[in-house]
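Have the model open while you read.

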Amino acid sequence: MRPAPSGLTRSLTRCALFFLPFAAALAAAPEPIKVGQFASLTGKEASFGQASRRGVVLAVEELNARGGLLGRPVEFLVEDIQSKSGESATAVKKLIARDGVVAIVGGNASTNALEAAPICQQAHVPMIAISSTNPRVTAMGSYIFRACFIDSFQGAVLAKFARDHLHVQRVALLTSMSAPYSVGLSRVFREHFTAAGGEVIAEQKYSEGDKDFRAQLTALKALAPDAIAATGYYTEAALICSQARDLGITLPIFGGDGWEAPQLLELGGKAVEGSYYSTHYSAESPAPEVRAFIAKFRARYSGETPDAVAALGYDAMLLLADAITRAGTTAGPAVRNALATTKEFPGVTGHTTIDAERNTSKPAIIVTVKNGRVQFVSAVTP
Amino acid sequence: MSEFLQQLLNGLSLGAIYALIALGYTMVYGVLRFINFAHSDVFMVGAFIGYYMGKLVPEGTLWGGLAVLGAAMIGCALLGMTIERLAYRPLRSAPTLNVLITAIGVSLLLEYTGQVFFGAAPRNFPAIFPVRNFSLGNVIISSNQVIVIVVSVVLMVVLQLIVYRTKIGTAMRAVSLNPKAAILMGVNNDVVISFTFGLGSALAAAGGILYALNYPSIDPLMGVMPGLKAFVAAILGGIGNIPGAALGGLILGTVETFVSGSQFSTYKDAIAFAILIIILLFRPAGLLGKFTVEKV
């Protein structure tokens with residue numbers, strides 16, 4: 001049991017001296033901060049994934065042009081979940097375990113966010129859901145936040161709009177039973193609409209990926225409602241509108257922010273004319289921050305006008321950047337605490353204040369389709 | 001009453017499409033005794049050929065629509081024969097299970113090649129036929145539904161004529177009854193099998209176009225559910241039996257529509273499959289199938 005030979009100490013010192021120049025070189029090029037997104041870049045919800053990714057990328061590029069965060073560049077990674085259930089969990093696991101991201105920005109359809117949230121929570125990696133409006137998403141854990149309003153607000157807005165603007169008394173619901181978003185929105189709408197003196201006369205159901213809604217629509221038509229609320233996503237909404245018009249149903253049809261996609265107009269064509277939906281922002285808004293965002297977005301993506309999901313993606317990324325800056329570190333718990341104390345953060349979709357349930361309240365915009373374009377109808381503030 | 005008639009019409013037009021796809025399954029089974037799982041993806045390719053051809057002809061004309069339909073049927077007939085030549089013929093003497101697995105492989109190959117070439121996002125199928133709605137009292141008949149039913153009936157009659165009134169049809173039935181005896185009688189089995197695949201695939205293409213006309217959002221995985229339903233329809237009617245496949249398709253489409261229109265719409269697939277199980281319990285060979293004892 002002799003003390004360690006001095007030769008070892010000497011060689012260790014020499015080693016350290018040898019590596020010093022490399023350490024200096026590493027300090028010169030700081031390690032990037034990795035941020036990951038999971039999104040449906042393909043499949044039937046591809047519009048959400050593509051739009052939100054464009055928003056996030058625009059924000060990341062702006063941050064890097066300004067010198068990055070904490071003096072480090074931001075590296076953005078995205079995983080395609082192909083609009084399939086089960087893929088979100090895999091994508092988020094990969095982003096956290098293999099790529100070592102410090103935070104996740106992502107989650108469009110609520111069902112995907114619900115899959116990813118437990119994994120982020122367990123790994124203590126903060127997650128900001130972009131457009132997942134189902135209330136259960138942030139209830140998954142203390143590391144889960146969101147950049148958009150929630151369905152308890154959206155459902156109330158739609159109910160109020162149906163009563164006060166459309167002046168309808170009897171509404172029929174069409175709900176996608178395999179989408180937690182649609183189920184939740186239908187439930188909240190029913191509560192608020194009935195409370196406002198209206199009547200929900202029937203609720204017909206379908207599943208994600210269905211293409212034939214004639215049977216449900218024929219059954220609804222026989223009950224003679226004043227309007228139809230279709231609370232699912234845009235692919236189905238477009239088919240519902242066109243099949244309803246084929247069956248001679250001329251009633252107004254309306255839905256939530258799941259309708260927000262250029263494909264609604266492409267797939268629905270003339271049939272979606274005169275339909276309404278609630279969303280997070282309007283590209284027609286005169287607010288200076290909205291105009292500036294649209295100008296930057298158009299310059300970056302060859303003239304394309306950003307939709308609400310793109311605006312939310314942009315806001316979500318900047319929310320995260322703000323939290324990392326305030327935390328002064330990328331450690332999960334510190335960033336989480338900084339996110340939880342976000343107050344009046346100015347964004348394109350309104351000011352964000354994170355409440356105790358890690359939600360935010362933002363104004364909802366009602367839009368309509370007119371002459372092949374989405375037009376602003378009214379804004380409802382919480 | 002008008003609601004009932006409307007649902008019946010919706011159901012029949014859906015069922016007619018299932019029937020067209022089911023015919024392809026049943027014909028291949030009749031001749032080769034195996035289920036061609038790639039059939040539902042030939043259906044998808046048919047819709048995509050229609051999508052690209054639809055851009056070349058003026059929208060909403062009868063001749064344009066028929067030209068697109070014809071082109072898709074020819075294209076898919078060639079595709080079906082190619083699949084048979086490359087994937088199934090080398091396995092002609094192998095056990096049926098090997099061919100079955102190969103069929104699943106071809107199906108996945110078509111689906112994911114489709115995702116590479118066509119992209120996974122749904123596309124809007126052009127209105128290639130003229131669109132008009134007719135109303136009979138409270139029942140609204142769309143011209144697309146009329147086209148679906150008329151085209152399906154015409155194709156089924158033509159198929160029946162081919163199988164029972166032509167030489168190649170006689171050869172098909174001969175191969176179906178006993179392939180070895182057919183060879184001894186001078187039938188060229190390869191030609192007959194190739195023709196069967198071509199015919200079945202052409203019907204799948206017609207089904208694809210008609211489906212896309214009624215539900216104008218097409219994607220590379222669009223064939224999976226209708227394919228499964230048509231497969232069930234073929235078994236329901238008695239696999240290997242051509243009128244049975246047509247009957248099975250119509251029954252399945254109608255039942256599915258009536259269940260969708262009721263309060264149990266979430267269970268529509270479960271109920272459709274439950275009906276299949278009940279029918280097979282009482283008639284194991286399907287509605288029109290004949291149960292034959294295997295000779296040892």
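What follows walks through the sheet strand by strand.

This is a predicted model, where local features need pLDDT of at least 70, side-chain atom pairs count only at pLDDT 80 or more, and totals for chains, interfaces and linings use all residues. Residues are numbered from 1 along each chain as its sequence is written, with chains lettered from A and ligands numbered from 1 in the order in which they are written.

Seven strands of chain A make up an open, mixed sheet, ordered S7-S6-S8-S9-S10-S11-S12. Strands here are DSSP E runs of at least two residues, helices are H or I runs of at least four, both numbered from the N terminus, and two strands pair if DSSP finds at least two bridges between them. S7 (199-206) and S12 (373-380) of chain A sit at the edges with a single partner strand each, so one side of each lacks a neighbour in the sheet.

Here are some of the pairings:

| Strands | Sense | Bridges | Opposite residues |
|---|---|---|---|
| S9(A), S10(A) | parallel | two | Phe254(A), Tyr276(A) |
| S10(A), S11(A) | antiparallel | four | Tyr277(A), Val367(A) |
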